Amino acid sequence: MNIFEQYESEVRSYCRNFPTVFKSAKGAWMTDENGRSYLDFFAGAGVLNYGHNPDRIKAALIDYLAADGITHSLDMYSVAKRNFIERFQEVILKPRNMAYKMQFPGPTGTNAVETALKLARKVTGRERIVNFTNAFHGMTLGSLAVTGNGFKRAGAGVPLNNTLAVPFEGYLGDDIDTLDYLARMLADDGSGLDTPAAVILETVQAEGGVNVASMEWLRRLRDITREHGVLLIVDDIQVGCGRTGKFFSFEDAGIEPDIITLSKSLSGYGLPLALVLMKPELDEWAPGEHNGTFRGHNPAFVTATAALEFWADGWFEKSLAAKEKLVSSRLNAIIDKLGLAATVRGRGLIWGVAFEDAELPGKISAECFDNGLIIETAGISDEVLKLLPSLTMSEEELVRGLDIIERSTASVIKSQSKDAA
């Protein structure tokens, strides 16, 4: 028994899938204490969009720490926070003609979601939040209440109330527009659904199995919520910060949510940082009404400011578009070549291969790890092999990882055929 198994809680999970002790990481690669390197198609569950230890971001952090820059400041003013606010406005919001107030609620994604839900209820005076099937929004009680995963919800140990789950696009099949159901429920006084405070969604349900909402569906959802005076919250914690090819995942739909939550890759370096963007008229907080000890994590402001330079001109988006085509075409080619009962879905650099045989993705992930690739599974039954490479990964590295996926999948299929014979 190693020291982790002896002293760490049984709740640990990723270490069971990737059983080695990592020591260092750079770019698209992680290296364990034995010196073996692994190509990373996991990126810290979407935390490391710019790769491990990116030079420009690391340099900014080292310089700040070497100058004895303030580390912790609650919500007091600091130079690091001012620089981030100014640069975020200049690089992200103003070029997109987006006017939002900024709130730093605490260090993690679930802090941002809890803040968004609490604000929506405060502003509207209503309790109900509408969420979607297969959603994942966090592990604290409010966020868990709008999460679809039954296993995760059961861990709460208390009732998760004041929410209503409705079908996400495609949940009832391709021929049924699930928004017809929501629109009818909101319009009909006999539906039993009081007007909710907000609807919360991920435009791509990452943990739920890489379920992708169409642009038309997103636009109609925005129209429905606006018609009924319901706030729209977009949870961009995992699929924002460029993961779908644009900084915000909803940009291609041409919509503006009322509230946006960001975290994970916002700091650009793996440091905890969360942000809630709200329409200015929604900023009804009284001073100190919602707070948190670590909402002034200045090293994360420094790295987040440096990360914004990736978005200062258009080259980064163009590179992502090319990588999206590469991954999409190659995954579909792999499926066709191996004759697999599976479908490929995704946007930008989040992709999933959904298998009819739910046992396959876990076996393929394990085989990939043995072959030097870190890749996870997703979906309620882990039926989806989920690709989440860093956005800065070279095309050569992407091809190398895709080659490993093809070889590993072929090996697992061959092994299964032998076992069945």
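This is a predicted model: local features need pLDDT of at least 70, side-chain atom pairs count only at pLDDT 80 or more; totals for chains, interfaces and linings use all residues.
Reader: What counts as a pocket or a cavity, in grid terms?

Author: On a 1 Å grid over the protein atoms alone, a cavity is a set of points where a 1.4 Å probe fits but cannot get out; a pocket is an open set with protein on both sides within 12 Å along at least five of seven lines, and lining residues have an atom within 4 Å of a point. Points are joined across faces, edges and corners, and a volume is the space filled by probe spheres set on the points.

Reader: How much space lies in the largest pocket, then?

Author: About 1400 Å³. Its lining takes in 47 residues, and closest to the centre are Ser-13, Tyr-14, Phe-136, Lys-152 and Glu-207. Among the elements giving at least two residues each to this lining are helix 6 (109-124), helix 13 (360-370) and strand 16 (376-378). Helices (H or I, at least four residues) and strands (E, at least two) are DSSP runs, numbered from the N terminus.

Reader: How do the residues of that lining divide by type?

Author: You get 21 nonpolar, 19 polar and seven charged. The nonpolar set is Ala, Val, Leu, Ile, Met, Phe, Trp, Tyr, Cys and Pro; Asp, Glu, Lys and Arg are charged, and the others, Gly among them, are polar.

Reader: Which residues are closest to the centre of the second largest pocket?

Author: Start with its volume, about 570 Å³. Of its 22 lining residues, Asp-75, Lys-81, Met-102, Gln-103 and Phe-104 come closest to the centre. Helix 5 (79-93) and strand 4 (101-103) are the elements that give two or more residues to this lining. By type, the lining of the second largest pocket has nine nonpolar, six polar and seven charged residues.

Reader: What is the strand order in the seven-stranded sheet?

Author: In general, strands of a sheet pair through backbone hydrogen bonds, either parallel or antiparallel. The rule used for pairing is at least two DSSP bridges between two strands. In this model, seven strands make an open sheet, ordered 4-12-11-10-7-5-6, with mixed pairing. Strand 4 and strand 6 (163-166) are at the edges with a single partner strand each, so one side of each has no neighbour in the sheet. Within the sheet, strand 7 (198-201) and strand 10 (231-235) run parallel, joined by four bridges; Leu-201 has Val-234 of strand 10 as its bridge partner.

Reader: And which strands are at the edges of the four-stranded sheet?

Author: That open sheet is antiparallel, in the order 13-14-17-16. Its edge strands, strand 13 (342-347) and strand 16, each pair on one side only. Strand 14 (350-355) and strand 17 (384-387) run antiparallel with four bridges, and Gly-352 faces Lys-386 of strand 17. Helix 12 (315-338) packs on this sheet, touching strand 13, strand 14 and strand 17, and its direction makes about 10° with that of strand 14. Contact means heavy atoms within 4.5 Å; axes are lines fitted to C-alpha atoms, for helices over the stretch in contact, with angles from 0 to 180 degrees between N-to-C directions.

Reader: Which element gives the most to the lining of the largest cavity?

Author: Helix 12, with three residues. The count comes to one cavity of 30 Å³ or more, and the largest cavity holds about 40 Å³. Among its lining residues are Leu-331, Val-353, Leu-385 and Thr-409. The lining of this cavity divides into eight nonpolar, one polar and no charged residues.

Methods
Residues are numbered from 1 along each chain as its sequence is written. Side-chain values use heavy atoms; hydrogens and water are left out.
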